[in-house]
Amino acid sequence: MAIERVDAYLTEHGKRFEEQLKDLIRIPSVSAQPNHDDDTRRAAQFVLDDLKGMGVEAELIEFPNGHPIVFGQKLDAPGKPTLLVYGHYDVQPPEPLEPWLTPPFEPTEKNGNLYARGATDDKGQMFTHLKAAEGWLKGVGELPINVKFVIEGEEEVGGANLEALMAEQPDRLACDFAVISDTSQFAPGMPAITYGLKGLAYFELIVEGANRDLHSGTFGGAVQNPLNALATILASLKDAEGRIAIPGFYDDVRPLEDWERAEFASLPFSEEEFRADLSVPHAFGEAGYSTLERKWARPTCDINGIWGGYSGPGPKTVLPRLAGAKFSFRLVPDQTPGRVHELLEAHLKTVCPPGVTYTLKAMHGAPSVLVEAKGNPGVEAAMKAVEAGFGTKPVLIREGGSIPVVGLIKQHLGVDTLLLGWGQNDDNLHGPNEKFSLADFHRGIKASAHLMAELANAK
């Protein structure tokens, strides 16, 4: 069988794949830092050359500003579905450097893991799909389906050029299925398919009082203190039970289905270990829901930063002229950032104390994502493929974070995304000593190769 020849090729060339990955990781493609622009382009060229080397038609899509997108396609399977593979070759800055135990851009093997910036986010995970395609093209001579590759260099800085490309050229990226590996397994030995992501609505609130800072003895009690007013406003957003107190906020919240609650409850999650890892006395959140349900499938509101007045050493008795805060809502299916903005504006008008004015700025928003997990041919194909690659059936989970590109793919291309994460929750992505299991790297390659075979017959 063709898939057996692919598996044999992957096994034979596994060590070479590791060395290729190390070479890619050694390129410090930090998209946020202009002094690494040449390195970021080198990483794009590396991916481009790899695709061309396996026989994929590929090019760099350039933009007036920012980093290029590597676009490749192999459309030699008429009548078969088209899979869009998304990934990114840019990485987060490695700073602070002091906590790194090994150089961030010199991949180091230890205890079966590869330590380096970009090992799991996202070079290692992205590379699994390229090597899976190579397994088919070099081991068999053809792909079982049509495949397009979109590997960008601006994921860590917002991905504005990719969003423009999707909006302006949706036919170029048209597909039947999409796959992204930029998430995690549930636990070691427990691969997962993530079928839901939370959305985001992020705000900045500025509260202004008098036209200058004031002496708190001379003016205290006579004018409103913006910090006091800000504290009142922020306290009004949630009640003591952890429920968001904005009127109408829960009207659009889709409840969890019974099968989801049963699936989450069956997972080997220890609340005691969760608390111990974080050194907190107890978990906290919306009453009536488990910790996993709150993390994955219930909306949240959190203050992310607060400022105003004096915070230097020693005392300074002052009423600040203004105070500010940044806070965010994580959204669940059927909620939208725009509707939350409307509800928040209405709420602020009723709770803002007299004597101050406020300015609310919507800074960022993204809708939630929920893929129909039951009866979905793409998910069913992914279940079989992941089991083939990892030797065990994957679990179905949601994730509390947001991946904006998933929403863009749905919006502009009209397809759901298969989120197949090969990493682990302790891989330290974005932090020092980022790592990726080499065993999972190879399992991910095999799973991706089998996904292409399974999708060829998905209906």
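A close look

Guide: Leaving out residues up to four places away in sequence, Glu 106 touches Arg 26 and Tyr 115, where touching, or contact, means heavy atoms within 4.5 Å. Before we go on: this is a predicted model, in which local features need pLDDT of at least 70, side-chain atom pairs count only at pLDDT 80 or more, and totals for chains, interfaces and linings use all residues. Residues are numbered from 1 along each chain as its sequence is written, and side-chain values use heavy atoms, with hydrogens and water left out.

Back to our spot. The side chains of Glu 106 and Arg 26 are joined by a polar contact of 3.3 Å (a pair of N or O atoms within 3.5 Å, one able to donate a hydrogen and the other to accept it; residues adjacent in sequence count only if both atoms are side-chain atoms). You'll find Glu 106 in the loop between β3 (82-88) and β4 (108-110); strands are DSSP runs of E with at least two residues, helices are runs of H or I with at least four, and both are numbered from the N terminus. Glu 106 counts as partly exposed because its relative accessible area is 34% (buried is under 20%, exposed over 50%, partly exposed in between, with a 1.4 Å probe and protein chains only). For a sense of scale, Glu 106 and Ala 325 are 39 Å apart, C-alpha to C-alpha, and 219 residues apart in sequence.

Now try Gln 20, in helix α2 (residues 14-25). Gln 20 is buried, because its relative accessible area is 16%. Its side chain makes a polar contact of 3.2 Å with that of Asp 50. Setting aside neighbours within four places in sequence, the residues in contact with Gln 20 include Phe 46, Phe 127 and Lys 131.

Ala 265, in helix α8 (residues 258-266), is exposed at 65% relative accessible area. Its C-alpha atom is 8.3 Å from that of Leu 292, 27 residues apart along the chain.

So what about the inside? In soluble globular proteins, nonpolar side chains tend to be buried together. Here, the largest nonpolar core has 99 residues, and Leu 51, Val 70 and Leu 130 are among those with the most contacts inside it (a core is a set of buried Ala, Val, Leu, Ile, Met, Phe, Trp, Tyr and Cys residues joined through side-chain atoms within 4.5 Å). Helix α14 (residues 438-455) gives the most to this core, eight residues. Apart from this core lies another, of 28 residues, with Ala 325 among them. Leu 51, beyond its neighbours within four places, is in contact with residues including Val 70, Leu 130 and Phe 149.

Last stop, the open spaces. The largest pocket is lined by 35 residues, with Ser 184, Lys 295, Glu 399, Asn 425 and Asp 426 nearest its centre. (On a 1 Å grid over the protein atoms alone, a pocket is an open set of points with protein on both sides within 12 Å along at least five of seven lines; lining residues have an atom within 4 Å of a point.) Elements giving two or more residues to this lining include β8 (192-197) and α10 (291-297). The second largest pocket has 28 lining residues, and those closest to its centre include His 364 and Val 405.

Notes
On a 1 Å grid over the protein atoms alone, a cavity is a set of points where a 1.4 Å probe fits but cannot get out, and a pocket is an open set with protein on both sides within 12 Å along at least five of seven lines; lining residues have an atom within 4 Å of a point.
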